Amino acid sequence: MNKRASGTAALIAVAALTLAGCTGAGDGSGGDGAPIVVGSVNTISGPATFPEASQAAAAVFDAFNEAGGLDGRTIDYKTLDDKGDPATATASARELVGSDGAVALVGSASLIECEINAKYYEQEGILSLPGIGVDTGCFASDNISPANVGPFNDMTLTLQYGSEVLGLDDICILLEIAGSTRPTYQAAIDKWTEITGKEPKYVDDTVPYGASDYTPYIVKARDQGCKALAINPVEPDAIGQVKAANAQGWDDVTWLYLTSVYSENFADAIDNAGAGIYVPAEFYPFTDDNEINADWRALMEKNDIALTSFSQGGYLAATYFIEVLKSIDGDITRESVSEALKSMDPIENPMVGTPFAFGTQNTAGWPIILKSGTNAWEKVADDWLRIGE
């Protein structure tokens, strides 16, 4: 699993100043027989990285091209690294949309780019289908529609599972806040309260990304009487939090995490999971040996791409895009692609609990657990958990 980290708040604030900008006139239709240009902005280097989504999308497009493409026209998939830097994210979008003339953005996964580039995409009339939506902007623009559930609905789901399925009381919430995500996390918590009538016993939104020691935050939560902790960390932080609780002898706490910690690497690192670590997997659990993930798994293994939820998101985004592309009768242009995405019929796929249609949020996760001493994730449900159900 790739590392994730912090330091984005100031970066996003700076980047917001650059939203208005140049516009491009290109359109990657390129005429008869020319490749169809599709772009992707990702955080591939820097303190927090998300490489798997665009790698997976590239593998899907490569396979599509090898099979003949769209009546002989191949997809020219261009991926750029925003390095978690606002200026680079801004420039990357303008290069892909303005200079390269992409007809759409597909399979992106960036810590910051949705919030930075959403208005530019609106100005240019281009749509983005990220493999993994991370920041608030991915879920607040008519021009962006991620394939994944996202951290905010994920938070509502993990709280709902904890209170309504596990019957937990005294749930506390610890938040790692990047950029302007605090209000959106609060909305996710409020949604849980609206659905269940439950409220958190305690909320601490001062938990930092990438801390060297999480003991003070864990001890404070235990002293507040918390029996379960719902937290939104990146994977290395979650490992540090669990180990901090272990070191304090806090072995009966239940962990309610998000998909960001769902990896084999995380499972390998955790021997003592307290009363259990629960996650609502945003896609059908990849650690379950099932035909549902067979095509994705085979393609990832063929291309030596990590088996993670993030590669599932990139795979699905590219798969959805190709299906929509095939439905277009006439020229493939930015306008025709955007129109086809906006008017598409929902696509059902057993890898997700919500059929995908552009602009529709995925609100289903599959509950899984990591138990002490197993170093392995396992399913704890026979169906999707859906917000409000």
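Predicted model: local features only at pLDDT ≥ 70, side-chain atom pairs only at ≥ 80, totals over all residues.
Residues are numbered from 1 along each chain as its sequence is written, and side-chain values use heavy atoms, with hydrogens and water left out.

Let me begin with the open sheet of four strands, which has the order S2-S1-S3-S4 and parallel pairing. Helices here are DSSP runs of H or I with at least four residues, strands are runs of E with at least two, and both are numbered from the N terminus; two strands pair if DSSP finds at least two bridges between them. The edge strands are S2 (75-81) and S4, each of which pairs on one side only. S1 and S2 are joined in the parallel sense by seven bridges, and within that pairing Gly39 stands opposite Lys78 of S2.

Thr49 sits in the loop between strand S1 (36-42) and H2, and because its relative accessibility is 9% it counts as buried, where buried means under 20% relative accessible area, exposed over 50% and partly exposed in between, with a 1.4 Å probe and protein chains only. Thr49 and Lys83 are 34 residues apart along the chain, and their C-alpha atoms are separated by 8.0 Å.

Turning to strand S7 (residues 228-231), which way do its residues point? Ala228 and Ala230 point one way, Leu229 and Ile231 the other way, and all are buried. S7 runs parallel to S5 (residues 171-176), with four bridges between them, and Ile173 has Ala230 as its bridge partner. S7 also pairs in the parallel sense with S8 (residues 254-256) over three bridges, where Leu229 is partnered by Trp255.

Next comes helix H12 (residues 334-342), whose buried residues are Arg334, Ser336, Val337, Ser338, Ala340 and Leu341. These pack against helix H3 (86-99), strand S3 (104-106), helix H4 (113-124), strand S4 (128-129) and helix H11 (309-326), with contact taken as heavy atoms within 4.5 Å.

H11 also holds Gln312, which counts as buried because its relative accessibility is 0%. Leaving aside neighbours within four places in sequence, Gln312 is in contact with Phe283, Tyr284, Phe286, Asn293, Trp296 and Met351.

The second largest pocket brings us back to H11, which gives the most to its lining, with five residues. Among the lining residues are Val60, Phe64, Asp295, Tyr315, Glu323 and Lys326, and the elements that give two or more residues are helix H2 (52-66), helix H10 (294-302) and H11. A pocket is found on a 1 Å grid over the protein atoms alone, as an open set of points where a 1.4 Å probe fits, with protein on both sides within 12 Å along at least five of seven lines, and lining residues have an atom within 4 Å of a point.

I will finish with Ile369, found in strand S10 (residues 364-370). Why does Ile369 count as buried? The reason is its relative accessibility of 4%. Beyond residues up to four places away in sequence, Ile369 touches Gly276, Ile277, Tyr278, Ala376, Trp377, Glu378 and Val380.
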